[in-house]
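Hi,

Here is the structure I promised to pass on. Have a look at it first, and then read my notes below.

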Amino acid sequence: MSKVVLVTGGARGIGLGIVHAFAAAGHQVMIGDLGAGASDWNYDLSDANDLDKALARESSVGEVDACELNVTKLESCERAVAATLERFGRLDVLVNNAGIVDTGPISEFEEEDWDRIFAVNTKGIFLMSKAALEALKASGQGAIVNTASIAGKQGNANMSAYCGSKFAAIGITQSLALELAPHNITVNALCPGIVGTAMWLEHLIPSNTTELSEKERNFEDSVNSMIPLGRPQTTEDMGQAALYLATARNVSGIALTVAGGMTMN
Ligand code: NAD
């Protein structure tokens, strides 16, 4: 049976890969992202143009709509759930995918950047799940998929904020899996390895070029040797994994790593 899915941070990157996988499988999808509400970060987040482009692209694949969403604001989360119910009549799957990254030694890391990383990557899961809870209960077959990371399983130097926020995402996943099991709601985490999205191309692998193809080449040259399978993961890989986690009715509380063998737990 087709499901109604809300994907946060769905306008590009891994979120868009997840939107595409669900839409192509015949599910109805609401894309939530910052849109016109995008604000400055150390690399550009999705804006209204990205949201429009994602909607146009995925509307040719399946039944898809889009709404502006800031996962750090409870009212915005509630509006996104209301928009989904109004458009598709119910909500079965919430994919908490919105996330941001910043790196740097703790001595130089700004408190406001730390707070914003936790506000999006961690508190965003709490606020969105809270806003969606009644609709997921009413579904009778609800599912939550949280995009965590391999950075939620292993610490990295100069990444305490990001790793901390992703370890927390896995802890929230396990706790909600137990708490919501009586409502037949499954809760799982997806842990991507290395995917060539804005996080890597615009921030983690600094590059002097503005040329996308050259950035992608630099990215692959830098990461391939770190990955046993010798290639980065793709947004399609993440879409398939999210689709599995959202539809496997006897899988709950796991954190599924999709990292080409780089992390094995
Ligand atoms: P991305 O920057 O392309 O996508 C993140 C999306 O989240 C953007 O569209 C952005 O606008 C949106 N977003 C940011 N703040 C938001 C907010 N407050 N409200 C709503 N939307 C917001 O990066 P990505 O790599 O596609 O990241 C998606 C998720 O995958 C993140 O949670 C990230 O931490 C995680 N992840 C990525 C990788 C990787 O290698 N790219 C690895 C592990 C985990």
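Which residue follows α4, and is its phi positive or negative? It is G140, and its phi is positive, near 85 degrees.

Some housekeeping before the rest. This is a predicted model, so to speak of local features I needed pLDDT of at least 70, and side-chain atom pairs count only at pLDDT 80 or more, while totals for chains, interfaces and linings use all residues. Residues are numbered from 1 along each chain as its sequence is written, and side-chain values use heavy atoms, with hydrogens and water left out. Helices (H or I, at least four residues) and strands (E, at least two) are DSSP runs, numbered from the N terminus.

Let's start with the sheet. It is open, has seven strands in the order β3-β2-β1-β4-β5-β6-β7, and its pairing is parallel; two strands pair if DSSP finds at least two bridges between them. At the edges are β3 (64–68) and β7 (255–258), each of which pairs on one side only. On average, neighbouring strands are turned by 20 degrees against each other, direction ignored. (Axes are lines fitted to C-alpha atoms, for helices over the stretch in contact, and angles run from 0 to 180 degrees between N-to-C directions.) Inside the sheet, β1 (residues 4–8) and β4 (residues 93–96) run parallel and are joined by three bridges; V7 has V95 as its bridge partner in β4.

Two helices lie across these strands. α4 lies across β1, β4 and β5 (143–147), at about 175 degrees to β4. α8 (residues 235–247) lies across β4, β5, β6 (186–192) and β7, at about 165 degrees to β6.

In strand β6 you will find L190, which is buried, with a relative accessible area of 0%. (Buried means under 20% relative accessible area, exposed over 50%, and partly exposed in between, with a 1.4 Å probe and protein chains only.) Leaving aside neighbours within four places in sequence, its contacts (heavy atoms within 4.5 Å) include V145, M238, L245 and L256. L190 and N97 are 93 residues apart in sequence, yet 9.2 Å apart in space, C-alpha to C-alpha.

Back to α4. Its 29 residues (111–139) should span 42 Å at 1.5 Å a residue, and its end C-alpha atoms are 40 Å apart, which agrees; the expected span is 1.5 Å times one less than the number of residues. There is also a kink of about 50 degrees, centred on L133, where the bend is the angle between axes fitted to the seven residues ending there and the seven starting there.

How many aromatic pairs are there? The count is two, taking rings of Phe, Tyr and Trp (its six-membered ring) with centres within 6.5 Å; planes under 30 degrees apart are stacked, over 60 edge-to-face and the rest tilted. W114 and F118 are stacked, at 5.2 Å centre to centre and 20 degrees between the planes. They are four residues apart in α4, so about one helical turn separates them. The other pair, W200 and F219, is tilted: 5.9 Å and 55 degrees. W200 lies in α6 (residues 198–204) and F219 in α7 (residues 212–223), so this pair ties together parts 19 residues apart in sequence. Both W200 and F219 are buried.

Lastly, N158 has a positive phi of about 65 degrees although it is not a glycine; it sits in the loop between β5 and α5 (160–180).

Cheers
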